[in-house]
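We will go from stop to stop, picking residues and looking at what surrounds them.

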Amino acid sequence: MAQGFDTTGRVHREGVNNEGVALTLKKRFGLASDKIYLLGGTKNKADAFDPELGIKWTDKHKNGVKNGSFDWINTSKVSDVVGDTFAPFLDQIKEYRQLPESQRSAVSFVKQVRQDFNNICSGVLDSFTADQLASFIQTEMIDANSKMMVSVNDTKAKNFYVYSADNHPAVRYIQLGYTPFLKGKAKGSRRLLFTDGVKEYDCGLRIRVTSNNGVKAFLGLSEANRNSQVVFKLQQDKVAKLLQEVKAEVYTY
């Protein structure tokens, strides 16, 4: 069964709320000046900017750092990553939506469409070369977050973690010329690892190719969402381990 994602907007609302809380905590702990402000919008990689200190921030929220993950990249602009791979499927979806609902909602029909979508996602992940992965990581993760500070607000333990994005292990692995590769067999998800030719190195990164609202929304069968989009994600798993590796400063509130 495909993994489900929250489609209620709760995650987005929590993220937006966290940015405001994180701003307050940075001031409280003397990490930012009173001139710091939220950037907002999807076009800004950073969530906040402090013009007095010249520091950009990206803010992450966790309800316990030992649980789940957070996103480095979550975009529906998949053509930038996978070209027009999904175009035939999306064209087919438009035709399917013209069918009678009784046909579209048939269990066997939905199952087949889901399988077709999952197979495309799996094929995309299987097709990534080491050079493509290295270029993607360098451009979309390392360069995009260069000289940026990262905050991770653990609202469960009331801990506020801070570290430099440049200290992420992936930065060092790329600089050393280690080869990135994907590992796993899930249809829409792979762990992103590195190798020096002898050992494998895992810094908790994961790539997902999936849909934001599910196959039923693609087919116009969801009451909650009118449609669905293909999304590409670069996620950070093993958050607690990462915070140890980057020697994050921790402030308790």
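**Stop one: Asp59 and its strand**

Select Asp59 to begin: its relative accessibility is 8%, so this residue counts as buried. Bear in mind as you look that this is a predicted model. Asp59 sits in strand β3, residues 55-62. Now show the side chain of Lys26 as well, and you will find a polar contact of 2.8 Å between it and the side chain of Asp59. Which residues is Asp59 in contact with, leaving aside its neighbours within four places in sequence? They are Asn18, Glu19, Ala22, Lys26, Asp47, Ala48 and Ser151.

**Stop two: the partners of β3**

One place to look is Asp50, whose bridge partner in β3 is Ile55. Together β2 and β3 make a hairpin with four residues between them. Click on Gly54 in the turn, and you will see a positive phi of about 65 degrees.

Next, select strand β5, residues 148-154. It runs parallel to β3, and seven bridges join the two.

**Stop three: helix α5**

Move on to helix α5, residues 107-127. Colour the buried residues of α5: Phe109, Val110, Val113, Phe117, Asn118, Cys121, Ser122, Val124 and Leu125. As you look down the axis, recall that an α-helix has 3.6 residues a turn, so residues three or four places apart point the same way.

**Stop four: aromatic rings**

Phe117 is also worth a click here, as it forms one aromatic cluster with Phe86, Phe89 and Phe218. Across the whole structure, a search finds 15 aromatic pairs. Take Phe70 and Trp72: their ring centres are 5.4 Å apart and their planes lie at 70 degrees, so this pair is edge-to-face. Phe70 counts as buried at 6% relative accessibility, and Trp72 counts as buried at 6% too.

Finish with Phe128 and Phe232, an edge-to-face pair with 6.3 Å centre to centre and 65 degrees between the planes. This pair links distant parts of the chain, 104 residues apart: Phe128 is in the loop between α5 and α6, while Phe232 is in strand β10. Phe128 is buried, with a relative accessible area of 17%, and Phe232 is buried with 1%.

Methods. Residues numbered from 1 in each chain as written. Predicted model: local features only at pLDDT ≥ 70, side-chain atom pairs only at ≥ 80, totals over all residues. Heavy atoms only, no water. Expected span 1.5 Å × (residues − 1). Buried < 20%, exposed > 50% of the residue type's maximum accessible area, 1.4 Å probe, protein only. Polar contact = N/O pair within 3.5 Å; in protein donor to acceptor, adjacent residues only side chain to side chain. Contact = heavy atoms within 4.5 Å. Pairing = 2+ DSSP bridges. Phe/Tyr/Trp six-rings, centres within 6.5 Å; stacked < 30°, edge-to-face > 60°.
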